[in-house]
Amino acid sequence: MVEKATKKKNRVFDYFCTEEKFSGGVAWCAGCPLELTARFIPKVLGDKMVFVGTPSCSAPVLHGQNLGSWHKLPYLACVMTGVGSSATGLTRYYQKAGIDATVVCFNGDGCSSDIGFQVLSGAAERNEKIIYITYDNEGYMNTGNQRSSSTQKGALTTTTPVGKIGKGKPTISKNLTMLMLMHRPRYMATATLSHLEDFAKKLQKAKEMVKEGFVYLHVFSPCPVGWRIDSNLSIEVCRTAVRTNYFPLWEAYDGKPRITVEVAAPKPITDFTKLMRKFSHLKENDIAAFQAEVDRRFALLKTLCDAAKAEEKTTVQS
Ligand SMILES: Cc1ncc(C[n+]2csc(CCOP(=O)(O)OP(=O)(O)O)c2C)c(N)n1
Ligand code: SF4
């Protein structure tokens, strides 16, 4: 058992022994999970990758902002409305020219779920050989924590204030992972930094499956500044999101989902909300509605997982 645990640890550890692609003085806020996520991706995907990004919190590092904030990877800067289509052009050029390179879009939820959703959907439907990664910090963070369609109901943002009239965001968040599942990409998965081994496996699978078609990864990435989280708690927030079923970890080949990290006894959503101040105004009935939404979304996922399992059994038997 001890041996198994050691081996497991070493597998993820090995990635950290590879060359570091980013400088030390990157321009992300203290405790932002984006930094470790961006550093980790090329460690698993390898050198032959091109980042495609948009104006966002990742841009000051991926574009480069000052002498201390840089990386060694090729990078294409796109407009928020066109990342899926620009990545398509780049991928097709590489295919035609016989260049071995993986195109990796790396965008915030504002780009993926709102401004660039149409082109993301188009690229998925055309089955372009792209790895598209959404880091979900549930808002437009680079421009000052405005709500996006991925912002959770009730959350305090600068455009959904809390006061005499405002009660935080009035509508439920867009369920982007389910929308992407309905596109039936060749491979898709959810991931977060608290479960690094799971994340690494999914990146490895992404690297393989992108040879056959579109790959979508959705990475839960809390924003310590906008969510009002102490900067030492970001990974704990990721872990609690998984343990409460707020952000279940799963993957799907060709639209058939499977949970990759089973949570035997999910914790109540209050374990998650109490870690940040963006939900501190929620009343008991708001929390009950929040819990019901988490349960509803998880039940939907579970139903789809069960259906995929049943379909697999039928196919094997017949
Ligand atoms: C078409 C368009 N609309 C708005 C903007 C302004 N803008 C720049 S960065 C940004 C926030 C992007 O949010 P998101 O994609 O979620 O990434 P994050 O900032 O959270 O990393 C916005 C709205 C823009 N650059 N282009
Ligand atoms: S604003 Fe939030 S998401 Fe953006 S770099 Fe800072 S902590 Fe990270």
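User: How do the residues of the shell around ligand 2 divide into nonpolar, polar and charged?

Analyst: The shell around ligand 2 has seven nonpolar residues, one polar and no charged. Here Ala, Val, Leu, Ile, Met, Phe, Trp, Tyr, Cys and Pro count as nonpolar, Asp, Glu, Lys and Arg as charged, and the others, Gly among them, as polar. The residues in question are W28, C29, C32, C57, N137, C223, P224 and V225; each has a heavy atom within 4 Å of the ligand, by the definition of near. A word on the source: this is a predicted model, where local features need pLDDT of at least 70 and side-chain atom pairs count only at pLDDT 80 or more, while totals for chains, interfaces and linings use all residues. Residues are numbered from 1 along each chain as written, chains are lettered from A and ligands numbered from 1 in the order written, and side-chain values use heavy atoms, without hydrogens and water.

User: Which residues are closest to ligand 1?

Analyst: C57, G110, C111, Y135 and N142 are the closest of the 16 that surround ligand 1. That shell has eight nonpolar, seven polar and one charged residues.

User: Why is T240 called buried?

Analyst: T240 has 9% relative accessibility. Buried means under 20% relative accessible area (exposed is over 50%, partly exposed in between; 1.4 Å probe, protein chains only), so T240 counts as buried. T240 lies in helix 10 (residues 234-243), a DSSP run of H or I with at least four residues; strands are runs of E with at least two, and both are numbered from the N terminus. T240 touches D271, F272 and L275, leaving aside residues up to four places away in sequence (contact means heavy atoms within 4.5 Å).

User: How do you know that strand 3 and strand 4 pair?

Analyst: DSSP must find at least two bridges between two strands, and strand 3 and strand 4 (residues 131-136) have five, in the parallel sense.
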